[in-house]
Amino acid sequence: MAHDSSDRGFDLKAMLRDERFWKIAFQVITLVVVILLLSFFLGNLNRNMIQQGKTFGFGFLRNPAGFSIGESAIKYRPNDPYWRALGVGLGNTLTLVTAGIALTTLVGVAAGIASFSKNWLLYKISRAYVGLVRNIPLLLQLFFWYFAIYGTLPKPENQIHFFDLAYFNNRGVYIPWPGTAVLALLGIAALGVGAIAAYYLWRWRTNIRIDRGTGGLPQTLALASLGLGLLLFLTLGMKWTIPHGVEGGGVTGGLRLSREYVAALSALVFYTSAFVAEIVRAGIQSVTKGQWEAARSLGLQPGLVMRLVVFPQAMRVIIPPMNSEYMNLTKNSSLAFAIAFPEIYSVATTTYNQTGRPVEVFLILMATYLILCLIITLVMNQLNRAVQFKER
Amino acid sequence: MTPVTPNSFASGPPALIGLGPIAWAKKNLFSDWFNSLLTLIIVAIFSWGLWRLGSWALTMAQWPVIPNNFGLFMTGTYPPALYARIWVLLAIICALAGLSWGVLARNVSILFSRNVRLGLAAIGAFIVLFPPTRPSALKLLPLVALVAAMAAVGRQGGRRFPGVGKWISLAWFLSYFVALWLIGGGLGLTRVSTNDWGGLLLTLLAAISGIALCFPLGLLLALGRRSALPVVRWLSTAYIEVVRGVPLVAFLFMGQVMIPLFLPVGSRPDRVLRAVIALALFSAAYLAENVRAGLQAVPRGQREAAMSLGLNTPLTLGLIVLPQALKIAIPAIVGQFISLFQDTTLLSIVGLAELLGIGRSVLANPAYLGRYAEVYLFLAVIYWVFCYAMALGSRKLEEKLNTER
Amino acid sequence: MRKLGLLAAALGLTLAACGGTTTTATTGGEGTTAPVAGKSRLNVVKERGKLICGVDGGIPGFSFVDESGKYSGLDVDVCKAVAAAVLGDPEAVEYRRLDSTERFTALAGGEVDMLSRNTTWTINRDTQVGLEFAPTTFYDGQGMMVRKNSGIDGLEDFEGKAVCVETGTTTELNLTDQMRKLGVNFEPVVFQDADAAYAAYDEGRCEGMTSDKSQLVARRSTLPNPDDHILLEVTMSKEPLGPVTVNNDSAWYDVVKWVTFGLFQAEEFGITSANIDTFKGSNDPNIARFLGEEGTLGTDMGLNNDFMYAVVKNVGNYGEIYDRNVGADSQFKLERGQNALWTDGGLMYAPPFR
């Protein structure tokens, strides 16, 4: 008996001394604390909602919204339900974010490379741009673009145009566009296929060049004919609508980008690009000096040194932080509501104002942005895997 | 990673020595046709923009809205009778800033180098020439002098007592509470309700409190995400990723509307506090990622060496790993602070009278309706000055820490 | 073992820190006391010695911050009147800026004693949201401003045109309803910020600008050429704006209600802040009761008997408040219109003080 009890005591002590026990115990304690906190908050939420006479649920999404939205990618009328209104907001956010990511990449990389320019003025401006734009809140920059830039464009009566291809007035910008959404998607797909085909052709050509040491003229010809075919398809195969100025102001045809949209896009692109430029700059600087020298000693032109040797290596350093910049752009797109662009945050706050349902609306918002960020992360991780060092 | 700067082709301002202005321009601006074209285009766009801005600022803009409301922009509706408390606070901060500067620069041969003297003179001249409001402008001059004097003192002190840096950190820490006391009152001072905190004061306070309050949580989350315990790791990761996936403006909206819903029926914390809690919960996730990056940068050998000395996990973390990780993370944390400082503009959307919010109140004054361009430009300059100064400071600090390592 | 202790201590510290924060939450916000059961707001305000009044803080003529950092405007003067009646001091007010999304929760939660913040009286808010509406201090309506030379004479001319909207809780809905009724397709450009909305209208982003008429008139006076803009003869909604208190506190509601009525009544009597002392010892029993020299009207409500004297002496009567902030003496020069006394063809009417 006595032996038995002391044995048990020994067991307990051993258990207390065992790190494995503590690992499990600590996790259980953490879990319990988190669950307690959550149930405390949710219980309060429940009581507060009962006191305000509300019940949790998304049924309100089927009620008619009643407000109108300025621009929408999908069909929307004021008596459509709330979920459709929110869908319109999501569509607007998506158009803003996708165009924003594409343009930010271009502008940011250009600004980053410009800081290595031989031209003193360009170098200075690239640095000044980064120093200025990164240190002013985005909200103020949105106002700047909306009022100080696009607000000074002329009224529709004396709109300006660019070779009759694009029109500018203080209502927005009008550009040529494939007639329907299907055709636009087809065009983008064709461009994508063309780009992939061109890439493989180029790789093939380079391999041949490495193997034989001579130029690959036939491949260049193939590339050219591919490009020509693509160009023909894009110009003739699709029903482009070209904007036409109307006497006395206004534009018919083409795609209208509202002033809210272009201002939000410009502000987001120029703000995020300043950060991207710094990332690109750091990436290029991370390529060791020996690589530059080796490339130049092979007789490569300065432009080719950057394109063929330095930039591909810099990509490895550049891509991981780009993920968070793209995510920032996505999240910052919610600020476009300040200049009247009806993206999802704007529609969501109106919905909240009309229905008085903060919890449900917030959950919808949170889920939307989380999913968008998740998609970006997944794509960037794939890209990252592609450019990392292949250790052999 | 040591950033290697490629030679003159790549970076840095070109050398100016030995070139006449024409030769210099030819080399740096008009080296070939492409560069010449670029230069001309840039000059054209730039001068057009500058001309537009200049003609607006000098002829069309009506600037009185700024000096007449300067007090509002700085402190919001804070009672003018109690401005003395803000001045005292400013003096404390200036003294501490001077001391820290002096201590950090204790090994530099000349404290007041030519650039520093020029900078101080420029600030002094600016205060005299562009007085925001006459009476208070004169109080700014002694403050500048105070910074310089304390820097000299700090340098001497730093040389004599090498351990003084720790005490200065402590003083900064304590000054936060002194600041809260001076601003908010209590303990013998007249209370000032948080409703009357505003302007730049509230902007700075919200940003600093956001960073300070998120520190413990951010640290725990960073450790949790790298923990070997799966439950802890999953929970931390989930929190970090969820918060980082949501825009701040949605988070603040939640703070203002939903925090009262999550608390017992009838309790409503102060609005400024609600906003600060939301800011802190938000930035904790970002801080956690910064600290995690720092933790990853600490070589594994450090941890193993500590373990082999017989330190257990908490002690290894607290004494060996974290100090190094935090040191590495400092630039990232400063960067996060800068963005948090900019993000406080969103507080105006949820109805607080911080810098942008008080700007909107001023713009609603019938005397200044429609002066939005002047006000927003002024605000942009304030934000830029602060953020740029912080970025500059952080770069200097980074260099400093690098040489010590 | 020690590891756990340390971690537990760390956890405890964080929890303590959280606890600390929540304590400051309740003590830091001075006067954010939850409503105490069975105790009227009136007593709470008296004990505190200060009225906490929810205002917007950014509406020209109604509430804004002047250069000296003081709140001014018509809505603000109503707060001052209540403070003068209850506490005898029009400056014993703490203003809290509330935006439209949180004003009702702030009132229901006891964060503010009353709202004086451009709140439209609707049946839903009165019955469902749990509010009590004091008499309307400003009759407004949603209007539409256009350029004189635009050729727009009515809402039906807005086909394919853009309208700048200063967002409100119902502004977009009213506009959409009216346009749907007429079958007009238009482009709404909805701003959260009034300054941005008017700036966009001013430079020609929109053909029309819609908001409450008082705001349209106020803002029109600040446009570069005010005479180039006109208000259409259309009222899209009724917007009776007035102070609001919370349900189930009739003692407090009565005070706010009758102080507001008192402002109208003083104007009807012709009592102003300048001449009020000449009415002292008046032979008119109505005026004597009103100023508390006869009867117990004030003490019956739990106020000083001469509460209206304190109000009018310090803040003025309704006409003075109106003229000073939005009417003849202000730069807006708004007509009295519906906001004139009932004796002048308006809607301002106070029940008898007896």
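Modeller: Two residues are in contact if their C-beta atoms, placed from the backbone, lie within 7 Å. Keep in mind that this is a predicted model.

Colleague: How do you know that chain A is in contact with chain C, and how many residues take part?

Modeller: With that 7 Å cut-off, 25 residues of chain A are in contact with 24 residues of chain C. On the chain A side, helices H1 (2-17), H2 (19-51), H5 (138-149), H8 (259-285) and H11 (344-355) each give two or more residues. H11(A) gives the most, with three residues.

Colleague: What makes up the side of chain A that touches chain C, by class?

Modeller: That side has 13 nonpolar, seven polar and five charged residues.

Colleague: And what makes up the side of chain B that touches chain A, by class?

Modeller: Let me start with the contact itself, which takes 46 residues from chain B and 46 residues from chain A. On the chain B side, the elements giving two or more residues are helices H2 (33-60), H10 (230-244), H11 (248-262) and H16 (372-404). H16(B) gives the most, with eight residues. By class, there are 37 nonpolar and nine polar residues, and no charged ones.

Colleague: Why is strand S10 of chain C called largely enclosed?

Modeller: A residue is buried if 20 or more other C-beta atoms lie within 10 Å of its own. In S10(C), residues 208-212, five of the five residues are buried, so the strand is largely enclosed by the rest of the structure.

Colleague: How do you know that S10(C) pairs with strand S7 of chain C?

Modeller: Pairing takes at least two bridges. Five bridges join S7(C), residues 138-147, to S10(C), so the two strands pair, and they run antiparallel. Here Met144(C) stands opposite Thr210(C).

Colleague: In which sense does strand S8 of chain C pair with S10(C)?

Modeller: S8(C), residues 162-166, and S10(C) pair in the parallel sense over three bridges. Val165(C) stands opposite Thr210(C) in S10(C).

Methods. Residues numbered from 1 in each chain as written. Chains lettered and ligands numbered in written order. Predicted model: local features only at pLDDT ≥ 70, side-chain atom pairs only at ≥ 80, totals over all residues. Helix = DSSP H or I, 4+ residues; strand = E, 2+ residues; numbered from the N terminus. Nonpolar A, V, L, I, M, F, W, Y, C, P; charged D, E, K, R; others polar. Buried ≥ 20, exposed ≤ 12 C-beta atoms within 10 Å, placed from the backbone.
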